[in-house]
Amino acid sequence: MGDSTVTTLEEGREQAAPRSVTGAPGQGSLHRLRVPRRPPLWFEILLLAVSYWTYSLIRNAVPEQKTKALSNADWIWKVEHHLGIAVEETINHSVNSVTWLIVGMNYYYATLHFIVTLGVLVWLYRSHPGRYAATRLVLFATTAVALVGYYFYPLAPPRLMTNENFIDTVVVHQTWGSMASGDLKNMSNQYAAMPSMHIGWSLWCGLTIFALASVPWVRVLGLLYPTLTLVVIVATANHFWLDAVGGMLCLAFGFGVTRVWYGALPYALPRYVAGGKGERELAPVKA
């Protein structure tokens, strides 16, 4: 039997789309939107640019309700004390005492949030075209529901609390850190800490890498990334633990939206797209 006629079980799973997202030919435009696919590159670049611009515009257009945001921060802090998890201030002071570490975390907070997320999107687009649109939808839905949180629940980050002793590490060490500190603070809403999209996005990256990467150490890095991000957002006094919980809940919502739309979780969809020009010629690319 020739090699061309041999199909392994694994390959069959990679190439066979779930029945709920394939359906019968000749269905309408709504069905076509739900079929796993890889959109044109120009469309994706434009979509991502417009989407991030819109996200930033809406986030920063939310009224900066300082009094309400500080009141909410006090309430969150009291709840964490009641739960026995209010250790953010201790972590903030401990890490701040190690200059090289906190400076590194400041730059981590300011840059990797965007770099890693874009990197994962590019990797998905190139190596997992059949799963790309669905996984991207998770990210978009997560971010969209976060905007609702920013509007209805303004929250000051720990570093802006007036009755506590948190350290704004960007200001103290004069690093180019958060858009919400130092010279750039007027360009960003100061009171949009709940939910934490640093956690929402980093966990999206981590789960995607862990689920789809084929190299074991890369999968481990995928899990370490949101874990380290959690430490960073607390050590730099940009978020409470409960902000991270809010980010996780938003991500769960994003996965739910994708599950309903595609009839399957994004990682269960076929890796490659059937019928797309040149798609079948794509060689699998390891992470």
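**Surface and core**

Modeller: W42, F43, L46 and V50 together form a nonpolar surface patch with about 420 Å² of accessible area. Patch residues have over 30% relative accessible area and no salt bridge, and nonpolar side chains (Val, Leu, Ile, Met, Phe, Trp, Tyr) are joined within 5 Å. Areas come from the Shrake-Rupley method with a 1.4 Å probe, with only the protein chains shown counting as cover. A salt bridge is a side-chain nitrogen of Lys or Arg within 4 Å of a carboxyl oxygen of Asp or Glu. This is a predicted model, in which local features need pLDDT of at least 70 and side-chain atom pairs count only at pLDDT 80 or more, while totals for chains, interfaces and linings use all residues. Residues are numbered from 1 along each chain as its sequence is written, and side-chain values use heavy atoms, leaving out hydrogens and water.

Biologist: Why does F43 count as partly exposed?

Modeller: Buried means under 20% relative accessible area, exposed over 50%, and partly exposed in between. F43 counts as partly exposed because its relative accessibility is 33%.

Biologist: Which residues touch the most other members of the largest nonpolar core?

Modeller: A nonpolar core is a set of buried Ala, Val, Leu, Ile, Met, Phe, Trp, Tyr and Cys residues joined through side-chain atoms within 4.5 Å. Here the largest has 39 residues, and V120, W123, L124, Y150, M197 and W204 touch the most other members. A second, separate core has 16 residues, including I76 and A237.

Biologist: What does V120 touch?

Modeller: Contact means heavy atoms within 4.5 Å. Leaving aside residues up to four places away in sequence, V120 touches W204, C205, T208 and I209.

Methods: Patches are made of residues with over 30% relative accessible area and no salt bridge: like charges are joined within 9 Å, nonpolar side chains (Val, Leu, Ile, Met, Phe, Trp, Tyr) within 5 Å. Buried means under 20% relative accessible area, exposed over 50%, partly exposed in between (1.4 Å probe, protein chains only).
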